[in-house]
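This report is an introduction for a reader who is meeting the structure for the first time. Please look over the sequence and the model below before reading on.

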Amino acid sequence: PSMLSENELNQIFETIYQYFTPLPSAEITFEANPDDLTPQKLQEFKKTPINRLSIGIQTFNENTLSFLNRAHSKEEALNCIKNAQNIGFDKLNLDLIYGIQTMSLKDFEKDVNQLLALNSQHISAYCLTIEEKTTFGKWLEKGKLENVNDQQAIEHYQLMIDLFNQKGFEQYEISNFAKNQNYAKHNTNYWKGKKYLGIGPGAHSFDGKVRQYNISNNPKYIRALSSNTIPFDSEILTQKDFVNEYIMTSLRTKWGTNLNEVDNLLDGNFLIKQESLINNFLKKKLIHLESNTLFLTSEGKLLADYISSELFI
């Protein structure tokens, strides 16, 4: 998005406002990397309706930035954040990566403390994952790179949680932390199964029943638009899909998985059907049950994907 000029961004907003009435409380988040956020660019973005920046910091460690093949330096990251705040962007999300093989626990602690010193109200933290057909994936295949060490990732994660808690950050979703309930509105809507509209190549939409996803090939997408069509695929969610997606997304959040909601989707008693499994997770202190709602414990958050998949119908 940061490749776009002020004029191009305003064209997009003008088109949106032809069809949708802007709300005073609308959260308009703009994703960018530190090397893109020059003072000039920030001044341009400030003249648009954008009111929240999500910045891909990932790390402040120069060696790790090089390892990750990031284009920005520590200095650029620090400067872009300070410049954004000085220009008036008081709503910032900063991205952090943990579990990086080359980072010691001490180095990672420095990263977290540096991030916390920047007075952002929201942080997203993700464990490094190595995907196939990426540079890291190819290195892994050739033995040039070790895979993520689970124990190291856990140590990074637990240290991070402790430091975030000390500074008043609430973990409202597995990978997302906020001060003073400054939750990301768009992401929260996804986790709560709300409707959303995605525009552009590769964008996804959901109307409450059907999920639609545009093709991600830019030239094909543009050619289709010239003939007044939008190239997309779609799927109608089954009852099973709804239940499993609700479990998967809600269990990751501070609001938990409401079993009454699951029963409404299933027309049946989920707690009784999954009683043995739920009791096993309760016994192992991976979840707790309160007001007929399931919540992950601190230990359970380390196994969130496993627990939710086991609870699938």
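## Overall build

The protein chain holds 15 helices and 12 strands, and the coordinates come from a predicted model. Its C-alpha atoms fill a box of roughly 60 × 55 × 45 Å when this is taken along the principal axes. The radius of gyration is 21 Å, which agrees with the value near 20 Å that a compact globule of 313 residues would have.

Of the 313 residues in the protein chain, 41% are buried. Among contacts between residues at least 6 apart in sequence, 59% join residues that are at least 24 apart. The accessible surface comes to about 17900 Å², and carbon and sulfur atoms account for 48% of that surface.

## An open sheet of three strands

Three strands form an open sheet in the order β10-β12-β11, with antiparallel pairing. The edges are β10, at residues 257-258, and β11, at residues 287-290, each of which pairs on one side only.

Strand β12, residues 293-296, pairs with β11 in the antiparallel sense over four bridges. Within this pairing, the bridge partner of I287 is L296 in β12, while L289 has L294 as its bridge partner in β12. The hairpin of β11 and β12 has two residues between the strands, and S291 takes a positive phi near 50 degrees there.

## Salt bridges

Side chains of opposite charge can pair when their charged atoms come close. The structure holds five salt bridges, and one of them is formed by R52 with E27, whose closest N and O atoms are 3.9 Å apart. Because R52 lies in strand β2 (residues 52-58) and E27 in the loop between α1 and β1, the pair ties together parts that are 25 residues apart in sequence. R52 counts as buried at 6% relative accessibility, whereas E27 is partly exposed, with a relative accessible area of 22%.

A network of salt bridges links E173, R252 and D305. The side chains of E173 and R252 meet at 2.6 Å, N to O; since E173 lies in strand β5 (residues 170-173) and R252 in the loop between α10 and β10, this pair ties together parts 79 residues apart in sequence. The side chains of R252 and D305 meet at 3.7 Å, N to O, and with D305 in helix α15 (residues 304-311), this second pair ties together parts that are 53 residues apart in sequence. In relative accessible area, E173 is buried at 3%, R252 is partly exposed at 22%, and D305 is exposed at 56%.

## A surface patch and a loop

Leaving aside neighbours within four places in sequence, G202 is in contact with N214, I215 and S216. G202 and E109, which are 93 residues apart in sequence, are 36 Å apart in space from C-alpha to C-alpha.

## A buried helix residue

Not counting residues up to four places away in sequence, T64 touches T59, I100, T102 and M103.

Conventions: Residues numbered from 1 in each chain as written. Predicted model: local features only at pLDDT ≥ 70, side-chain atom pairs only at ≥ 80, totals over all residues. Heavy atoms only, no water. Pairing = 2+ DSSP bridges. Contact = heavy atoms within 4.5 Å. Rg over C-alpha atoms; globule rule 2.2 N^0.38 Å. Buried < 20%, exposed > 50% of the residue type's maximum accessible area, 1.4 Å probe, protein only. Areas by Shrake-Rupley, 256 points an atom, 1.4 Å probe, with all protein chains shown as cover. Salt bridge = Lys/Arg side-chain N within 4 Å of Asp/Glu carboxyl O.
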